Amino acid sequence: PIRATPPRFATAGEALHTVFGYESFRGEQAAIIDQLVGGGDAVVLMPTGGGKSLCYQIPSLVREGTGVVVSPLIALMQDQVDALLANGVRAAFLNSTQDAAERSRVERAYIAGELDILYVAPERLSSESTKRFLDRGTIALFAIDEAHCVSQWGHDFRPDYLALSELAERWPDVPRIALTATATEATHREITSRLRLEGAAQFVADFDRPNIQYRIVPKAEVRTQLLDFITTEYPTDAGIVYGLSRNTVERTAEFLSARGLKALPYHAGLDAATRAATQSRFLREDGIIVVATIAFGMGIDKPDVRFVAHVDLPKSVEGYYQETGRAGRDGLPSTAWLAYGLNDVVQQRRMIDESPGDLAHRRKLSAHLDAMLALCETVQCRRVNLLGYFGQRAEPCGNCDTCLTPPESWDGTVPAQKLLSTVVRLQRERNQRYGAGHLIDIVRGKQTPRVTQFSHDTLATWGIGSDLSESQWRGVVRQLLAQELLKTEGEYGTLALTAGGADVLSGGRTVILRREPERPERASRSARK
Ligand code: ADP
Ligand code: ZN
């Protein structure tokens, strides 16, 4: 006879008080838990910090058997299990980091009915031997954490997740819950269909984080801008700064440290001990700033992170939302600050063009980037745009940069035509292609060695744009790229016209641009006073 772990608690409330020491359930936790305890399935979309873990941990303690939790975050399993053990929950995990002896100890405990919760890496569940092993015990429920990983269209697809559709066939009587903090309608649909959860109860939480103030500024000298932001607003607080490359992370951390802030780098190139030490200082000491690639932050539960800053443009709105969501879990005012510029757009478009994988894959990356650019360039409320991306309606919030200092828009058709015409002339008349910097030099009439070498001062558009400053021109080019009136080409990211750009040039389309202050940071700070 199979031994099943007996229920530890008669009711969910009892488990909540006794094990976790909390007074009451939050949001829809109680309803979600009821659904599982009663044997039903659930799909849960809830923002980071919303309290997803209890939604499967408590039913695992109330139902007979062991709750099997599928999670891709292997590095975090140890922490999650340690936290549960500290609360008296009999938890364990199975993943590739264990040796054979450790694994068989866990397996024996499961079969003997001595585990409340078992974390399993997704790739294990696709093997027949693991499934046969699970049949030797009693499964209380399946929890599929980070369920957006099943979405091929999403930002974090993991092929192993596709095999999880078999859980429904093999164990039709075991309740299943899929959870994610990614809430686009497309992801939601994919989770429901690919995991065979059409009959499940759907729980979609409000994704708004009203205490987070969203701000997106044009990038000038980004490290100085960042330093200004931190020292003016959060000089002694904890924060996370995200950059895309190790190099950026290292240099930014050095820069902030040299100016007296407690800033530590964190990226995959550092050894495990250093990373662990940084993480633990961040959790325990006050006022630590971690400068990180996206490797940092998943599963870290620090309530008083006052700001999340991005010094590079995130690759998707999902990623941006998840990263900024690590600010202000305690509900107190916090800031999501992002600086982005022309080079971000050029670089990311080029990386997409050069990325391995098929056309569909590149289309997907492009669509993610376009949504991110739309958020950056919007003249409307950032929150309305962000929540709209997740299929949720909102009113202008009064707590983002565009609400607080509404950006003016201006008719940029003429400057756009000047620049686009320069691109076309160089290509048609001389068969030459250039990046943004040199094109801007030409329209501004700046004598540089390259201008002289190629006699670009004889072009008809030479110097016709001297009314705008260099940084204004960079803003124009960035917005033309974001609006897809210009595109980047080839390994040097040279600029070329799109069909839309051709319309502008022929006078068939006007270009509305966002007006940007010359010194964005100073301007926004004085506006707040
Ligand atoms: P998520 O997985 O959705 O990001 P977690 O499950 O890690 O969120 O929960 C976030 C934090 O909220 C944790 O510190 C958790 O202990 C706490 N929490 C969750 N539910 C409750 C509750 N009902 N009452 C008080 N605190 C809660
Ligand atoms: Zn707003």
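**Ligand 1.** I sorted the shell around ligand 1 by residue type and got 4 nonpolar, 6 polar and 3 charged. My classes: Ala, Val, Leu, Ile, Met, Phe, Trp, Tyr, Cys and Pro are nonpolar, Asp, Glu, Lys and Arg are charged, and the others, Gly among them, are polar. The model is a predicted one, so I kept local features only at pLDDT of at least 70 and side-chain atom pairs only at pLDDT 80 or more, while totals for chains, interfaces and linings use all residues. Residues are numbered from 1 along each chain as its sequence is written, with chains lettered from A and ligands numbered from 1 in the order in which they are written.

I found 13 residues around ligand 1, the closest being Tyr22, Arg26, Gly51, Lys52 and Ser53; near here puts the C-beta atom, placed from the backbone, within 6 Å of the molecule. Helix α3 (residues 52-62) gives the most to this shell, 3 residues. Helices (H or I, at least four residues) and strands (E, at least two) are DSSP runs, numbered from the N terminus.

**The open sheet.** I traced 7 strands in the order β3-β4-β2-β5-β6-β1-β7, with parallel pairing; a pair needs at least two DSSP bridges. The edge strands, β3 (91-94) and β7 (201-204), each pair on one side only. Inside the sheet I looked at β5 (residues 139-144) and β6 (residues 176-180), parallel strands joined by 3 bridges. Ala143 stands opposite Ile177 of β6.

**β10 and β11.** I checked which way the side chains go on β10 (residues 263-266): Ala263 and Pro265 point one way, Leu264 and Tyr266 the other, and all are buried. Buried means 20 or more other C-beta atoms within 10 Å of the residue's own, exposed 12 or fewer, partly exposed in between, with C-beta atoms placed from the backbone. β10 runs parallel to β11 (residues 289-292), with 4 bridges joining them. Tyr266 faces Ala292 of β11.

**Leu369.** This residue sits in helix α15 (residues 359-377). I call Leu369 buried because it has 22 C-beta neighbours inside 10 Å. Leaving out residues up to four places away in sequence, Leu369 touches Lys315, Gln348 and Ile352; contact means C-beta atoms, placed from the backbone, within 7 Å. I also noted Val317, 52 residues from Leu369 in sequence but 7.9 Å away in space, C-alpha to C-alpha.

How values were computed:
Two residues are in contact if their C-beta atoms, placed from the backbone, lie within 7 Å.
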